[in-house]
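Keep the sequence and the 3D view open while reading. This report moves through a few local features.

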Amino acid sequence: MERYPDYLIVGAPRSGTTFMFDYLGEHPQIHNSSLKEPQFFATDLDSGSYLESMTFTRDRAEYLALFSGARPDQLTGEASTWYLYSRDAAANIHAANPDARIIAMLRHPVQMLYSLHGRRLFAGSEDLPDFADALDAEADRRAGRRIPERARNVKALYYRDVGRFGEQVERYFDTFGRDRVHVVLFEDFIRDPASAYRGVLEFLAVDAEFRPSFEVVNAGAERRSQRLQQALLAPRVIRAARIVFPPRVRPYVGRAWDRINSRPQKRPPLDPQVAASLRAELLPDIERLGKLLGRDLVSLWK
């Protein structure tokens, strides 16, 4: 029987979604998709290019097959961090399953964007190593200039827009209703992961007494060789890999490659002046989100 997911972690990037997805996957009443980020519903972020096919699952049958192993008594779920930013995803999800439950994980937007910039450098979708330079390049990139050659999800280079959570969360509230949207703040999750996890289980109406192994995942890293990483993103290499590796094993191949061509990295602190300037730009949206959630985010996200 075809099943769209019962729950979706919709983002934001670099806000603990991998932690939560893995922890939920340990629950015996939950069956997670075999691919963490299919991005099936974020149609407005998919340019249609061959390179984008690495990021966006486009085929409906392929997408539904991600949940085919679920038992009838299990919830199914997936986690695609760009659904929150996408302007189309909320409506697309609702059209597929109006009863879906939505989990949004949010983080101090300046810290999130700095981490996201580092991750996109790691993945080969950003070529400006200095975060301030990447922010300054936004106007050019909106005009189609200074786009990295191997960039996927080009609209993610509009960093300020990615960090405006207020309008993004409000879109899900308007589409699904507040009772079907559960917001988790990264700061709460890090301070007390067991409590945050229990809150999600209660939201999903599964056994809230279950405890996973709270291990650190998705730590910061950098590529050993960016040149090799870019070479492997060439279309001919991708085509060959898809012939050799069937869809069900591709996530494992990707993780194995990440282990081979990466090393742990602790980024230097963000320049305080850049951080203060960016926070000032995002402050109206932080206030808007705080009102939506009934939290003093201005004080929390200093």
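The model is predicted. Residue numbers start from 1 along each chain.

**Salt bridges**

The count comes to 19 salt bridges.

| Acidic residue | Basic residue | N to O distance |
| D73 | R71 | 2.9 Å |
| E281 | R160 | 2.9 Å |
| E202 | R198 | 3.1 Å |

Start with D73 and R71, which form a salt bridge. D73 counts as exposed, because its relative accessibility is 53% and the cut-off is over 50%. R71 has 41% relative accessibility, so it counts as partly exposed.

Next come E281 and R160, whose side chains meet in a salt bridge. This pair links distant parts of the chain. E281 sits in helix α14 (residues 272-293) and R160 in helix α7, 121 residues apart. R160 is buried, because its relative accessibility of 15% is under 20%. E281, at 36%, counts as partly exposed.

An α-helix has 3.6 residues a turn, so residues three or four places apart point the same way. E202 has 47% relative accessibility and so counts as partly exposed. R198 is partly exposed too, at 27% relative accessibility. Elsewhere, salt bridges with shared partners join E138, R142, R160, D161, R164 and E281 into one network.

**A negative patch**

Which residues gather in a patch of negative charge on the surface? They are D130, D133, D136 and D271. D133 belongs to helix α5 (residues 131-136). With a relative accessibility of 39%, D133 counts as partly exposed, because that value falls between the 20% and 50% cut-offs.

**Helix α8**

Helix α8 covers residues 165-176, which makes 12 residues. How does its expected span compare with the distance between its end C-alpha atoms? At 1.5 Å a residue, the helix should span 16 Å. The end C-alpha atoms are 17 Å apart, which agrees.

F165, G166, Q168, V169, R171, Y172, F173 and F176 are buried in α8. Just after the helix, G177 takes a positive phi of about 90°.

**Backbone details**

Most residues other than glycine have a negative phi, and most peptide bonds are trans. The next residues depart from that pattern.

R146 is not a glycine, yet its phi is positive, near 60°. R146 lies in the loop between α6 (138-142) and α7 (159-162). Its relative accessible area is 44%, so R146 is partly exposed.

A205 also has a positive phi, about 60°, although it is not a glycine. The loop between α10 (193-204) and β6 (221-223) holds A205. Is A205 buried or exposed? A205 counts as exposed, because its relative accessibility is 63%.

The peptide bond from G11 to A12 is cis, with omega near 5°. A12 is placed in the loop between β1 (7-11) and α1 (17-25).

How values were computed. Predicted model: local features only at pLDDT ≥ 70, side-chain atom pairs only at ≥ 80, totals over all residues. Heavy atoms only, no water. Helix = DSSP H or I, 4+ residues; strand = E, 2+ residues; numbered from the N terminus. Expected span 1.5 Å × (residues − 1). Buried < 20%, exposed > 50% of the residue type's maximum accessible area, 1.4 Å probe, protein only. Patch = residues over 30% accessible without salt bridge, like charges linked within 9 Å, V, L, I, M, F, W, Y side chains within 5 Å. Areas by Shrake-Rupley, 256 points an atom, 1.4 Å probe, with all protein chains shown as cover. Salt bridge = Lys/Arg side-chain N within 4 Å of Asp/Glu carboxyl O. Lys, Arg positive; Asp, Glu negative; His and termini not counted. Charge placed at Lys NZ, Arg CZ, Asp CG, Glu CD.
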